[in-house]
Amino acid sequence: MIVYTTKEELIRHLNRLRGQQKSIGFVPTMGALHQGHISLVTRSIQENSCTVVSIFVNPTQFNDPSDLEKYPKTPKEDLKLLREKKVNVVFMPQSHEIYPEPDHRLFDLEGLDQVMEGATREGHFNGVAQVVSKFFQIIQPNRAYFGQKDFQQLVIIRHLVDLLDMNIEIVACPIIREKDGLAMSSRNIRLQPRERKEAPKIHQILAEAVEKRGDLSPQKLKLWVREQFNHHPLMELVYFEIVEDKTLSPIEIWSEEVNKVGCLAVILGGVRLIDNMNFD
Ligand code: AMP
């Protein structure tokens with residue numbers, strides 16, 4: 001496993017591989033790796049001759065400076081995990097390597113960035129588009145791997161690749177959960193024991209909502225979910241939406257012939273957690 005911190009060295013390495021007709025799989029991460037990330041890595045290793053994993057906590061996607069400051073960083077453990085998985089290349093740049101000057105680009109995300117996560121995190125998805133477009137430019141992968149855990153991000157990345165006319169296959173990977181159902185997230189380690197114990201409720205409420213789909217309209221179901229969180233002493237629901245999987249427009253009636261995804265964000269002990277489930 002080779003660890004690069006500068007883009008020049010990485011580009012030279014990848015150009016050599018491309019010259020040998022090798023395929024390149026790319027897994028972007030912000031580190032503090034867990035089995036969710038590793039599932040993306042495993043898939044990339046299966047499907048490509050070379051897998052590049054980036055570890056970079058992108059400052060431009062954090063609208064809240066204290067959230068950026070508190071973001072967990074475990075580089076030693078991350079590298080150990082990736083070495084065990086036999087990843088070929090890790091890219092761990094410093095901020096100035098990616099942003100030698102401030103990035104003022106504004107991407108036309110056609111409103112996909114204004115709903116759900118975007119409604120309360122001003123500029124978040126533009127920051128994601130900035131960093132992902134830079135990484136795509138540097139790495140020029142054949143395939144890039146994203147988790148369905150960040151469902152809205154996945155939809156926006158697909159849009160970005162179209163917008164920039166990039167020839168990259170975006171591969172969506174299923175949500176990996178803890179045994180008790182909590183979606184794995186780097187942020188979970190910030191939960192206090194009492195909060196961690198309550199956290200699986202998020203998944204339970206989503207799963208129950210899927211069950212209730214036959215009995216309640218989408219609007220009533222949204223109210224039902226909100227009520228479940230209203231009764232909870234530790235959790236605050238930021239949003240729950242049932243949306244069409246490509247446009248992210250809200251589902252008004254169940255008979256719409258589109259794929260439907262129920263997405264939510266919850267604040268638990270000051271930690272923002274997201275999850276989603278298919279409502280087809
Ligand atoms: P992050 O480091 O949080 O930016 O995540 C890097 C990638 O891993 C993103 O594509 C995430 O969607 C994906 N990911 C994070 N958690 C999970 C999970 N529990 N299951 C599947 N993919 C995940």
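Which residues lie nearest the centre of the second largest pocket? The legends below, drawn from a predicted model, start there.

**View 1. The second largest pocket and its lining.** I55, F56, V57, K73 and P93 lie nearest the centre. In total, 17 residues line this pocket. Its volume is about 290 Å³. By class, the lining splits into 11 nonpolar, 4 polar and 2 charged residues.

**View 2. The largest pocket, with about 370 Å³ of space.** Its lining counts 19 residues. Closest to the centre are Q148, F151, L154, D245 and V261. Two elements, α8 (151–163) and β9 (271–278), each give two or more residues to the lining. Helix α8 gives the most, with 6 residues. The lining of the largest pocket holds 8 nonpolar, 5 polar and 6 charged residues.

**View 3. The largest nonpolar core, built from 45 residues.** L10, V52, F136, I139 and I170 have the most contacts inside this core. Helix α7 (residues 124–139) is the top contributor, giving 9 residues. In soluble globular proteins, nonpolar side chains tend to be buried together.

**View 4. The contacts of I170.** Leaving aside residues up to four places away in sequence, I170 touches F136, A144, F146, L154, I157, R158 and V161. One of these partners, F136, is also among the residues with the most contacts inside the largest core. Another partner, L154, is one of the residues closest to the centre of the largest pocket.

**View 5. A second, separate core.** This core has 24 residues. Among them are F229, L237, L264 and F279.

Definitions and conventions: Residues are numbered from 1 along each chain as its sequence is written. This is a predicted model: local features need pLDDT of at least 70, side-chain atom pairs count only at pLDDT 80 or more; totals for chains, interfaces and linings use all residues. Side-chain values use heavy atoms; hydrogens and water are left out. On a 1 Å grid over the protein atoms alone, a cavity is a set of points where a 1.4 Å probe fits but cannot get out, and a pocket is an open set with protein on both sides within 12 Å along at least five of seven lines; lining residues have an atom within 4 Å of a point. Grid points are joined across faces, edges and corners, and a volume is the space filled by probe spheres set on the points. Helices (H or I, at least four residues) and strands (E, at least two) are DSSP runs, numbered from the N terminus. Ala, Val, Leu, Ile, Met, Phe, Trp, Tyr, Cys and Pro count as nonpolar, Asp, Glu, Lys and Arg as charged, and the others, Gly among them, as polar. A nonpolar core is a set of buried Ala, Val, Leu, Ile, Met, Phe, Trp, Tyr and Cys residues joined through side-chain atoms within 4.5 Å. Buried means under 20% relative accessible area, exposed over 50%, partly exposed in between (1.4 Å probe, protein chains only). Contact means heavy atoms within 4.5 Å.
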